[in-house]
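Good morning, and thank you for joining. I would like to take you through one structure, beginning with a helix and then turning to aromatic rings.

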Amino acid sequence: MTRFFSDIIFLPELPGGGPAIVNFKTGVLRLSLDYWNRIPEVWKKFILYHELGHLQRGKSEEEAQLWAIERFIKDGYSVQEIINAHTEVYAWDEFNEEKKEGLINKVWRAVEIAKHFDYHINGNSKALSTK
């Protein structure tokens with residue numbers, strides 16, 4: 001069964017400093033106005049896909065990422081745009097080293113997933129190249 005957001009609420013900022021959070025039970029999406037007002041439309045779309053991915057696949061960050069990346073690539077976006085959506089959206093200077101390390105690992109995993117989708121879905125033979 002496909003689930004959608006039941007409501008979208010904008011708040012000045014969110015606990016934990018992230019751009020968005022969805023309530024799995026109610027489907028209510030909370031968005032940070034601080035993030036939302038300073039990021040490009042393409043990154044907003046990725047954030048929405050990621051949060052929808054949670055509603056489709058559960059609490060797992062990796063499963064939500066998989067769902068979002070697949071849709072993003074099917075919409076014709078590039079792996080570079082996925083990297084940008086992950087790296088540019090965060091206020092890196094506001095995070096401690098542990099949080100930064102976790103985000104770097106998240107970005108790296110997203111890039112690896114995106115490259116595989118780009119290869120398999122778009123037929124991009126260069127997507128998995130190490131050069």
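The expected span is 1.5 Å times one less than the number of residues; helices are DSSP runs (H or I, at least four residues), numbered from the N terminus.

This is a predicted model, in which local features need pLDDT of at least 70 and side-chain atom pairs count only at pLDDT 80 or more, while totals for chains, interfaces and linings use all residues. Residues are numbered from 1 along each chain as its sequence is written, and side-chain values use heavy atoms, with hydrogens and water left out.

Twelve of the 17 residues of α2 are buried, so α2 is largely enclosed by the rest of the structure. Buried means under 20% relative accessible area, with a 1.4 Å probe and protein chains only. Among them are Trp43, Phe46 and Tyr49. Gly58, with a positive phi near 100°, follows α2.

I turn now to the rings. The structure holds five aromatic pairs, a pair being rings of Phe, Tyr or Trp (its six-membered ring) with centres within 6.5 Å; planes under 30 degrees apart count as stacked, over 60 as edge-to-face and the rest as tilted. Tyr49 and Phe72 are edge-to-face, because their ring centres are 6.4 Å apart and their planes at 90°. Tyr49 lies in α2 and Phe72 in α3, so this pair ties together parts 23 residues apart in sequence. Both Tyr49 and Phe72 are buried. Finally, Phe46, Tyr49, Trp67, Phe72 and Tyr77 form one aromatic cluster.

Key:
Helix = DSSP H or I, 4+ residues; strand = E, 2+ residues; numbered from the N terminus. Buried < 20%, exposed > 50% of the residue type's maximum accessible area, 1.4 Å probe, protein only.
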